[in-house]
Amino acid sequence: SMSGQEPFYELRNDGSGMPYSTIVQMRSDKIRNFLDVSDWDWVVDLLSVRYEDLVHDGTASMIEYIEKVSGIKAKCKPYPPQDRSPRELDAEFVEWISEHVDWDTEKIIGYERRK
């Protein structure tokens with residue numbers, strides 16, 4: 001059972017019963033687990049969407065894709081693209097992330113290591 005004393009939701013997905021060493025290790029497993037949903041028999045399609053792409057491009061193409069796959073007409077209006085400046089990130093944070101992220105997993109969903 002889930003409780004505050006035994007938070008099994010933070011344990012590795014490898015059956016070891018061990019916690020993740022870092023949140024980015026858990027992220028990698030969560031991404032791969034999410035993408036595995038596409039293999040389920042009752043799943044017709046899986047669309048992986050990055051938040052920053054929705055902000056930059058708007059939601060129209062995503063909504064159109066869902067309409068096409070589902071055969072259901074959306075009742076919402078798409079949000080337009082937004083012009084936002086990139087957020088400044090601390091150099092030490094960027095270095096830590098760059099060293100600890102599983103870049104093979106990140107590449108699957110469209111991320112690359114900063115140059």
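**Charges and rings in a predicted chain**

The pLDDT is the predictor's confidence in each residue, on a scale from 0 to 100. Helices (H or I, at least four residues) are DSSP runs, numbered from the N terminus. The chain as a whole averages a pLDDT of 90, and 92% of the residues score at least 70. Where pLDDT is low, the predicted coordinates should not be read in detail.

Some ground rules come next. Residues are numbered from 1 along each chain as its sequence is written, and side-chain values use heavy atoms, with hydrogens and water left out. Because this is a predicted model, local features need pLDDT of at least 70 and side-chain atom pairs count only at pLDDT 80 or more, while totals for chains, interfaces and linings use all residues.

Start with the salt bridges. A salt bridge here is a side-chain nitrogen of Lys or Arg within 4 Å of a carboxyl oxygen of Asp or Glu. The count comes to 4 salt bridges. One of them joins E106 and R27, at 2.8 Å from N to O. This pair links distant parts of the chain: E106 lies in helix 5, R27 in helix 1, and they are 79 residues apart. E106 is buried, with a relative accessible area of 5%. R27 is partly exposed, at 35%. Buried means under 20% relative accessible area, exposed means over 50%, and partly exposed lies in between (1.4 Å probe, protein chains only).

K73 and E67 meet in another bridge, at 3.5 Å from N to O. K73 is exposed, at 64%. E67 is buried, at 18%.

Now turn to R50. Its salt bridge with D53 brings the closest N and O atoms to 2.8 Å. D53 is partly exposed, at 29% relative accessibility. A network of salt bridges links R50, E52 and D53. R50 also meets a ring. Its charged end sits over the ring of Y111, 4.5 Å from the ring's centre. That label requires NZ of Lys or CZ of Arg within 6 Å of the ring centre and within 35 degrees of the ring normal.

Finally, look at ring against ring. Rings of Phe, Tyr and Trp (its six-membered ring) pair if their centres lie within 6.5 Å; planes under 30 degrees apart count as stacked, over 60 as edge-to-face and the rest as tilted. The count comes to 1 aromatic pair. W40 and W42 form this tilted pair, 5.3 Å centre to centre, with 40° between the planes. W40 is partly exposed, at 43%. W42 is exposed, at 66%.

Notes: Helices (H or I, at least four residues) and strands (E, at least two) are DSSP runs, numbered from the N terminus.
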